[in-house]
Amino acid sequence: MVEIELLHWKSRKLPMIPNVPLQKEKLHSRKQTKHFLLKIPVRHVEITSEDDIHCSGIYYPNGNSHDWVIALHGYRGDHLGATSLAQHYHDHNYQVLTPDLRACGDTDGNYLGMGWLDRKDILSWIDWIIAQDSDAKSLFTVFPWVLPQP
């Protein structure tokens, strides 16, 4: 069974994944992020949404861990906008998926869903995760705009 915690965007609270507190300072420097992208093997993954939109994402495998994070990018961004979050959770032994939301990056779509259409796409990504890892025990979705306030 997968435990799903979806954050409400107005909560302004960061998910406190057990023993993985995020620091209030910048997550990682650009140099560290570039090094992360060069050293970690990634997989380009694709799904089709329930309304036949081609969705694309990046999966950062992490050994035999059954803990998962879906790290989302901000407005009009792409999966690279969630790289710092991906690196943070990958460093703490989580499998990480960074999908491109609708009409962003390599995902099809004629207009931005502003979260309304994306919510169903995230459920499709969760189905993809369960298909990859039937032993998945926890799953969190994190957003870049929910970072701690200074």
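**A colleague's note on strand β4 and its surroundings**

1. W68 stands opposite Q95 in β5. Helices (H or I, at least four residues) and strands (E, at least two) are DSSP runs, numbered from the N terminus. β4 and β5 pair in the parallel sense over three bridges, where pairing asks that DSSP finds at least two bridges between two strands. Together with α2, β4 and β5 make a right-handed β-α-β unit; right-handed here says that, with the strands pointing away from the viewer, the path from the first strand over the helix to the second runs clockwise.

2. A word on the basis of this note. The model is predicted, so local features need pLDDT of at least 70 and side-chain atom pairs count only at pLDDT 80 or more, while totals for chains, interfaces and linings use all residues. Residues are numbered from 1 along each chain as its sequence is written, and side-chain values use heavy atoms, with hydrogens and water left out.

3. Back to β4, and to its other partner. Five bridges join β4 to strand β6 (residues 138-142), and the two run parallel. D67 has S138 as its bridge partner in β6. Is β4 covered or open? Mostly covered, as five of its five residues are buried (under 20% relative accessible area; exposed is over 50% and partly exposed in between, with a 1.4 Å probe and protein chains only). D67, V69 and A71 point one way from β4, and W68 and I70 the other way.

4. The aromatic residues deserve a look. Rings of Phe, Tyr and Trp (its six-membered ring) pair if their centres lie within 6.5 Å; planes under 30 degrees apart count as stacked, over 60 as edge-to-face and the rest as tilted. The count comes to six aromatic pairs by this rule. The ring centres of Y59 and W68 are 5.3 Å apart with the planes at 15°, so this pair is stacked. Both residues are buried, Y59 at 9% relative accessibility and W68 at 2%.

5. How are the rings of W68 and W128 arranged? Their centres are 6.3 Å apart and their planes at 90°, so the pair is edge-to-face. Because W68 lies in strand β4 (residues 67-71) and W128 in helix α3, the pair ties together parts that are 60 residues apart in sequence. W128 counts as buried at 11% relative accessibility. Y59, W68, W125 and W128 form one aromatic cluster.

6. S56 is buried, with a relative accessible area of 6%. Leaving aside neighbours within four places in sequence, the contacts of S56 (heavy atoms within 4.5 Å) are V45, P99, D100, D106, T107 and W125.

7. Two loop residues are worth checking by eye. N93, between α2 (83-91) and β5 (95-99), has a positive phi near 70° and is partly exposed at 44%. A103, in the loop between β5 and α3 (118-132), has a positive phi near 60° and is partly exposed at 32%.

8. Finally, confidence. pLDDT is the predictor's confidence in each residue, from 0 to 100; its mean over the protein chain is 78, and 75% of the residues reach 70 or more. Over residues 1-19 the pLDDT is below 50, although this stretch has 41 contacts in the model beyond near neighbours in sequence. Residues 146-150 also stay under 50. Where pLDDT is low, the predicted coordinates should not be read in detail.
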